[in-house]
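Here are my notes on the model you sent over. Have it open while you read.

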Amino acid sequence: MTAPTLTATGPPVGQLDRPSEDPRRTKRPARARETALGLLFALPGLAGLGVFVIFPLFQAGYLSTRGNDILGNPTRSVGLRHFHELLTPAFGTVLWQTLVFTVLVVVPGVLLPLSLAAPMTQRLPGMRIFRTAFALPFAYSVSAASVVWLIMLNPGVSPVNWVLGLVGLPAPNWTTEPGWAMATVVGVTVWMVSGFNLLVLAAGLAGVDEEVLEAARIDGATGPRQFFSIVLPLISPSLFFAVVTTTLTALQALGQVQIMTDGGPNGHTRTLVYSIFDHAFHNNNSNFGLASAQGLVLLVIGVLIAVVQFGVLERRVHYR
């Protein structure tokens, strides 16, 4: 009869002296994987930013200091000569006309949709047709809208001139008279931006809490007092968004100016973006150096306007 064997129940030999695993070491590979995955998802956006924003910015800075041959190829360094060429009364006129065009587009392009957005929030018969009709310009491209309005204002077939004739008013030359050309381009631009702004502001009005309005009515705030003291602060984020996007649209306006007036008559509708296009591409000018200098001026103007809007106007925005 053999004696029973005793088996060891402790840890195996060699594991007694093994240190416990550090939890920080297990977290490092996980964090590395998360970082790599985040960069992978951000790569398309970073690539687009680099190709369409950062590279053109540095390219514009480079071209603004170079001369061009007849084909537009950079040849020699000219320093700041292109910027010196901008210090002329003609370029000052371009900047002034750009400022006038922007103000005349932004103010009615925001106030007109704001006045129309209130009825759109009411549940009235035919409101869907009304909403679709006023939001329809948002679906048009700039070129299509410009061509349509050129036909609408053509002296030979213009229904607008026909209506003016019915009421005994003389029909102006909408795109060839210096006093009317800018107003015509501004009106068409306002018509195009109003559809988008109408949707934005109507959505903001639809989100206003009825309980807040009821409490205001109980306190005696009705009519204009209710609108300016209660409704307007509540929709201020939507209003601020409409102002910023309309400003950018006005500063970058090109298609309607080129198609409707081609910068004329006598340069009365020549804005900064049209001047950039004219020096760089119009009639194969290929003066990319001067156009790049003007593009950098446009960048500075856009940044300054953004600083004013986000530094001053945004302080009056009430985020809920």
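1. First, a term: a residue is buried under 20% relative accessible area, exposed over 50% and partly exposed in between, using a 1.4 Å probe and protein chains only. On that basis, buried residues make up 33% of the 320 in the protein.

2. Some housekeeping. This is a predicted model, where local features need pLDDT of at least 70, side-chain atom pairs count only at pLDDT 80 or more, and totals for chains, interfaces and linings use all residues. Numbering runs from 1 along each chain as its sequence is written, and side-chain values use heavy atoms, with hydrogens and water left out.

3. The C-alpha trace spans about 130 × 75 × 35 Å along its principal axes.

4. Contacts next, meaning heavy atoms within 4.5 Å. Of those with a separation of 6 or more, 65% join residues 24 or more positions apart.

5. Have a look at His82, which sits in helix α2 (residues 81–85). Its relative accessibility is 3%, so His82 counts as buried. Beyond its neighbours within four places in sequence, His82 is in contact with residues including Leu63, Arg66, Asn287 and Leu290.

Key:
Helix = DSSP H or I, 4+ residues; strand = E, 2+ residues; numbered from the N terminus.
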